[in-house]
Amino acid sequence: MKKQNVRTISLIVCTFTYLLVGAAVFDALESETEKRRWEALQDAEDMIIRKYNISQEDFKVMETVVLKSESHKAGQQWKFTGAFYYATTVLTTIGYGHSTPSTVGGKLFTMCYAIVGIPLGLVMFQSIGERVNRLSSYVIKAVRSSLRCKRTVASEVDLICVVTTLSSLTIAGGAAAFSKFEGWSYFDSVYYCFITLTTIGFGDMVALQRDNALNRKPEYVMFALIFILFGLAIVAASLNLLVLRFVTMNTEDERRDEAQAMQALQVAVKLEGDVITSNGSILSGYEGHDGQSLNGSNTSSMCSCHCMCLNGNRHKKNQYKLRRSPTHIRHLLPEVVPMQDLNYDYDTQSLHTLADRGTMDSSYMGVDMADMGDTASMELRPHTLLKRNVSLLSIRI
């Protein structure tokens, strides 16, 4: 199984295991509190009904009025300032849910706006995160150079430490400001900042929802928007170092597998010219010659001869090309016979054998040279020279 598949299956198993563990922990922490709160609310509902002598239907109407009026306590949500705040939560995928469109046009535009805005925001924050990491590396290099350290280049661990420190400072500073403006405890403010910058956005705690702050406190609105955008840029810098490294692992492994496959193809045996087997058959190993390739059934004993091009327009010798052959068949390939030793005469189109120069061993030919007579000097056509060279099976140089 490929490494990418193993990693994907492992991530799926780990994620579901993490979900099961989280569900068990949240069940143990929150279920009893939820039960007690529900019982308290039921007791309060029964008390109000008995005290004011109202029906169950009237109480439901009062409950609906209270719930619907909650979003209007912060003032008008859909003026330009509130609409800009809403658009920011859509583009950053925070989605507090403190204000939602009620018209068909507003809901339709929200979907179209999110289709374009969410990818645009992700690319922007990712680019800002890369710039923050680059700036951090320059600062680290300058500081180490001033301290005359031996190693001045910033590593990934150094950058992770820097962006982690920046994220902690951003959350701590934002929590202090929101604790002052919203009247929350410092722990609740830290919780709000973390939920916001991780784009979870539960909506249980939302800034700018008190005392008509959207219209009366423009400086606080500006601070909240800058905090969201700057904080998300810092978080994007962290994700650029941590998460994307694991995301790109599958791509790197696939590229590595492709490179290994290409390298394996380069080791394959490629023969150019005719291959004459021991049983006298001729296999064409020339690429594009006749579409045939070497057959493994005839590779027990073979030799390969490369011949000169007998074309009337070209008198070049055709080179024998052998790319690196695998070691398990290299011992099966005998010595290559240079055809120039056959001394082919282009003028007379006749073949003069090596026997005329006294350098041929007839024991390896398997043919008596004396019996050949004039056949050694007979005229041979180019096709005959290429395809019927069976007698030259075991020529030695």
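**Entry 1: where α5 and α6 touch.** I began with the contact between two helices, in which Thr170, Ile171, Ala172, Gly174, Ala175, Ala176, Phe178 and Ser179 of α5 meet Tyr186, Ser189, Val190, Tyr192, Cys193, Phe194 and Leu197 of α6. Sorted by class, this contact holds 11 nonpolar and 4 polar residues, and no charged ones. I note here that the model is a predicted one.

**Entry 2: how the two helices cross.** I looked up the axes of α5 and α6 and found that they come within 8 Å and cross at roughly 125 degrees.

**Entry 3: α5 itself.** I checked the length of α5, residues 156-182, and at 1.5 Å a residue its 27 residues should span 39 Å, which agrees with the 38 Å between its end C-alpha atoms. Among the buried residues of α5 I listed Asp158, Leu159, Val163, Ser167 and Glu182, and the elements that cover its buried residues include α4 (104-146), α6 (186-197) and α8 (218-241). After α5 comes Gly183, which has a positive phi, near 80 degrees.

**Entry 4: Leu214.** I then turned to Leu214, which lies in helix α7, residues 213-216. Is Leu214 buried or exposed? With a relative accessible area of 2%, Leu214 is buried. Setting aside neighbours within four places in sequence, I found Leu214 in contact with Gln76, Gln77, Thr81, Gly82, Tyr85, Leu208 and Val221.

Key. Residues numbered from 1 in each chain as written. Predicted model: local features only at pLDDT ≥ 70, side-chain atom pairs only at ≥ 80, totals over all residues. Heavy atoms only, no water. Helix = DSSP H or I, 4+ residues; strand = E, 2+ residues; numbered from the N terminus. Expected span 1.5 Å × (residues − 1). Buried < 20%, exposed > 50% of the residue type's maximum accessible area, 1.4 Å probe, protein only. Contact = heavy atoms within 4.5 Å. Axes fitted to C-alpha atoms, helices over the stretch in contact; angles between N-to-C directions. Nonpolar A, V, L, I, M, F, W, Y, C, P; charged D, E, K, R; others polar.
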